[in-house]
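Please open the model in a viewer and keep the selection tool at hand. The stops below proceed from charged pairs to a pocket and then to aromatic rings.

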Amino acid sequence: MSDRIPAIRLHTKSGSLAVRDGLVLSFFIHRNHEDTAHAIWRALQIYLRAIPPQSLGWYASDEGDMVPLDDAGWEHNRKQVLERSWGTAWIVELFENEGEAGGYQFEYYGRRLDEPSWPTPQNPATSVALTFPTEYLLTHGPEHFRTLALDIARELPFSFGYASPALLSHPGGWFAVRKQVQEMLQRYLGLDLPRLGETSRNIGSQARGAYWLTFLGQPLLSQLGGQETVERQLELPSVSVQAVDEQRLLVTLGEWPEALDTEKQPIPLSYWEMTRVLKPFLHYEEEVNGLPWDPIILRLRSHRLGQ
C-alpha cells in the first residue's frame, strides 16, 4: 500500500517544511452558516476524538496571527462557529504546527449563500476540511478511515464531499515550493491540493472531481438522477455504492486510496467512470490566484480523468 501514496516532504530554501503528504476529507454544504454551525461543531468533536490528543496546537486569529490553541483559543473558536451572528464569512483554521506543514488540520468556511456583497458571478458554499497524515491511514487501515469519514459525513448536510490523498500545507504555504507542487500534480492525478477558501467561493452545489471516497448529497445527487441511476452507471467490481441515508451516498473507488502515478500505471477504470458520471456537474471555475499555472491546467486534470 505504501507506494500508492508517495512520501512527500517539500522544504523552503530556509529549510522549513512547506508541504507534506497526507489525506484530506472535505465537504461542501449548499446552506448558510447558521443552518450548519452545530453540525460542524459536532463533526469537529468526532475528528478530535479520532486523532491523537493535542494534535491541534495552533489557530489563526482574526488578525491572521498564529496563536496557541489553549483553553482560551478553543473558547474563541467555539464562539466563532456557534455564537457570532454578524458578518458574511465564518472562518476557523486549526493547525498542528505553528509555521510548518503538519498532518492534522481543520478548516471551516461558513458562508451566507445569498449575501449581496459577494462579487458576481460567485456561487459560494459552506465548507469544511479535515486532514490526516498518511501514517494515520497506514496505522489504522482504510476501513477505519472510511468508517470515520462516514461518521463525520452523517453529521453534515453536504451536497458534495470527498476523501483523497493530498499535498498538505498551511493555506497558501505551498507557494514557496510551487514548482515542485506543479510537478507533483502533473504526475499524480490522484493528489489533491486543498484550497478550501477559494473552492468554497464558487463550487455551489457542484462536484470537485472523482476521488477515493466521493460523497453525494442534495441537491447534487438528485441532479445526477438519484441513487439507482448512480449505482447503474458504476457497476464495476472495484466500486462500492453505499447509502449514507435516504438522500446521500458514499461511492468508494477501491479498497485503498491512490495517488494515481501516471508514470507507473494507467488510471483505474473506476476513476474514469466516476468522472464521467460527474462530468455535467464538475466545478471548473475555481479561482487560481497565486497558482503557478494557468486555470486550463486544472481543467485538463479533470478531463484527463473523464474522457
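A salt bridge is a side-chain nitrogen of Lys or Arg within 4 Å of a carboxyl oxygen of Asp or Glu. By this rule the count comes to 16 salt bridges. The model is predicted, and local features need pLDDT of at least 70, side-chain atom pairs count only at pLDDT 80 or more, and totals for chains, interfaces and linings use all residues. Residues are numbered from 1 along each chain as its sequence is written, and side-chain values use heavy atoms, with hydrogens and water left out.

**Charged pairs**

Select R42 and E155 to begin. These two form a salt bridge whose closest N and O atoms are 2.7 Å apart. R42 lies in helix α1 (residues 33-50) and E155 in the loop between α4 (142-154) and β8 (160-168), so the pair ties together parts that are 113 residues apart in sequence. Helices (H or I, at least four residues) and strands (E, at least two) are DSSP runs, numbered from the N terminus. For accessibility, buried means under 20% relative accessible area, exposed over 50%, and partly exposed in between (1.4 Å probe, protein chains only). R42 is partly exposed at 41% relative accessibility, and E155 is partly exposed at 26%.

Next, select R78 and E75, whose side chains meet in a salt bridge of 2.8 Å, N to O. The two residues are three apart in helix α2 (residues 71-82), separated by about one helical turn. Relative accessibility is 24% for R78, which counts as partly exposed, and 32% for E75, also partly exposed.

Salt bridges that share partners join R9, R20, D21 and E135 into one network. Within this group, select D21 and R20: their salt bridge has its closest N and O atoms 3.9 Å apart, and both residues are buried.

**The largest pocket**

On a 1 Å grid over the protein atoms alone, a pocket is an open set of points where a 1.4 Å probe fits, with protein on both sides within 12 Å along at least five of seven lines; lining residues have an atom within 4 Å of a point. Grid points are joined across faces, edges and corners, and a volume is the space filled by probe spheres set on the points.

Which residues lie nearest the centre of the largest pocket? Select E107, P171, L196, G197 and E198, which hold that position among the 26 lining residues. Two or more lining residues come from each of β5 (89-95), β6 (105-111), β7 (126-133), β8 and α6 (196-202). The space in this pocket is about 330 Å³.

**Aromatic rings**

Rings of Phe, Tyr and Trp (its six-membered ring) pair if their centres lie within 6.5 Å; planes under 30 degrees apart count as stacked, over 60 as edge-to-face and the rest as tilted. The structure holds 14 aromatic pairs.

Select F28 and Y162: with ring centres 6.5 Å apart and planes at 20 degrees, the pair is stacked. F28 belongs to strand β2 (residues 17-29) and Y162 to strand β8, 134 residues apart. Both F28 and Y162 are buried.

Move to F132 and Y136, a tilted pair at 5.1 Å centre to centre with 45 degrees between the planes. F132 is buried at 0% relative accessible area, and Y136 is buried at 4%.
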